[in-house]
Amino acid sequence: MEIKKIKIACFGEVLWDVFPGGQRRAGGAPFNVAYHLFKMGVEVNMISSVGQDALGEELLTKIKNWNISTAGIQVDPDHPTSTVIASLDANNDAHYEIVENVTWDFIKVRPEDQQMLSTTDALVFGSLVTRNEKSRNTLFELMEASTYNVFDINLRPPHYDVNVIKDLLHNTQLAKFNKAELRMMLDFLGKNYSTENEAVRYLQDTFDLREIIISKGSKGALYANADDVYLCPAIAIEVKDTVGSGDSFLAGFLSKRFEKGADAQQIMQQAVSLGGFITAREGACPEYTLEDFLLFRDHHDAKN
């Protein structure tokens, strides 16, 4: 019997991260998730937009060379392809200047994308893409067409609106926070809490939200599914860089979440394993094969 392939759509920014010295890397949080889902054997559709310019053409070529479908990526003649200027401080930490009025601020609703979502296991998105009304309205329409919405909350001041975040959460089946974003969200809601479990339960009740993931870096991760809470320790690795580690963690989670028969511990093990695997490499989208990852996962599994 043929195993049904998992299908996931990612909506939002696809862009060039431009580093000191002019080096460019394909990026954008939803695209990073799409890249790793594809590597995990998932059928991926990236819904985004690039410009009718040299940078847009280069980006599409790069994505096609990875064998990732570009069918959902619109070409916009009126706005430039997105670039994010990355600078490094004295501690070698990266800071990003996110340029506005770029193509992914103006993603259109297309019937073919809505139709595709009716047969897709999940739609993944973040909050950055909602900074412009055009893409924000498109996202809400696509969420209506999807049966399982995954909100990867990436709060980047000043590019978000608390009321929009709340509206998105009310229409979400799975939300992912890191520890800082969890604190910010509870602050927005004026809620004090003494334990993580209490904070998670409050968000579940407030937004009628069944599933929540909290990624905690070196302290591992928490996954709440209704009343059940699962904890998973991080994998001890030598950190190369943390760019895109949360995106790979989410891709690992989703690649197992829709696998028939997978239990919560297996799902979380896949998530922390892929997060650790990518953190031990340079860049958000390094070259690797599924076999490379599985060797890493099973080797570290045996040590736990």
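Lysine 176 counts as buried in this predicted model, since its relative accessibility of 5% falls under the 20% limit for that class. The side chain of lysine 176 meets that of aspartate 152 in a salt bridge, with N and O 3.3 Å apart, and aspartate 152 is likewise buried, at a relative accessible area of 6%.

**The buried pair and its strands**

- Strands β9 and β10 run parallel and are joined by three bridges, and valine 150 stands opposite leucine 174 in β10.
- Four of the five residues of β10 are buried, so this strand is largely enclosed by the rest of the structure.

**The sheet and the helices that pack on it**

- Strand β1 (residues 7-11) pairs with strand β4 (residues 43-51) in the parallel sense over five bridges, and lysine 7 stands opposite glutamate 43 in β4.

**Other salt bridges**

- A search of the whole structure finds twelve salt bridges, among them the pair formed by aspartate 205 and arginine 201, whose side chains meet at 3.5 Å, N to O.
- Aspartate 205 and arginine 201 both lie in helix α7 (residues 196-207), where they are four residues apart, or about one turn of the helix.
- Aspartate 205 is exposed, with a relative accessible area of 55%, whereas arginine 201 is partly exposed, with a value of 33%.
- Arginine 201 also forms a salt bridge with aspartate 227, for which the closest N and O atoms are 2.3 Å apart; this pair links distant parts of the chain, with arginine 201 in helix α7 and aspartate 227 in the loop between β12 and β13, 26 residues apart.
- Aspartate 227 counts as exposed, at 62% relative accessibility.
- Salt bridges that share partners join Arg110, Glu112 and Asp113 into one network.

**A buried aspartate with no salt bridge**

- Aspartate 17, placed in strand β2 (residues 15-18), is buried yet has no salt bridge.
- The nearest side chain of opposite charge to aspartate 17 is that of arginine 25, which lies 7.1 Å away, whereas a salt bridge requires a distance within 4 Å.
- When neighbours within four places in sequence are left aside, aspartate 17 is in contact with Gln23, Arg24, Arg25, Gly27, Val84 and Tyr96.

**Overall dimensions and packing**

- A compact globule of 304 residues would have a radius of gyration near 19 Å, and the value of 18 Å for this protein agrees with that expectation.
- The C-alpha trace spans about 55 × 50 × 40 Å along the principal axes of the protein.
- Of the 304 residues, 53% count as buried.
- Among contacts with a separation of 6 or more, 68% are accounted for by residues 24 or more positions apart.

Methods. Residues are numbered from 1 along each chain as its sequence is written. This is a predicted model: local features need pLDDT of at least 70, side-chain atom pairs count only at pLDDT 80 or more; totals for chains, interfaces and linings use all residues. Side-chain values use heavy atoms; hydrogens and water are left out. Helices (H or I, at least four residues) and strands (E, at least two) are DSSP runs, numbered from the N terminus. Buried means under 20% relative accessible area, exposed over 50%, partly exposed in between (1.4 Å probe, protein chains only). Lys and Arg count as positive and Asp and Glu as negative; His and the chain ends are not counted. Contact means heavy atoms within 4.5 Å. Two strands pair if DSSP finds at least two bridges between them. The radius of gyration is taken over C-alpha atoms; the globule rule is 2.2 Å times the number of residues to the power 0.38.
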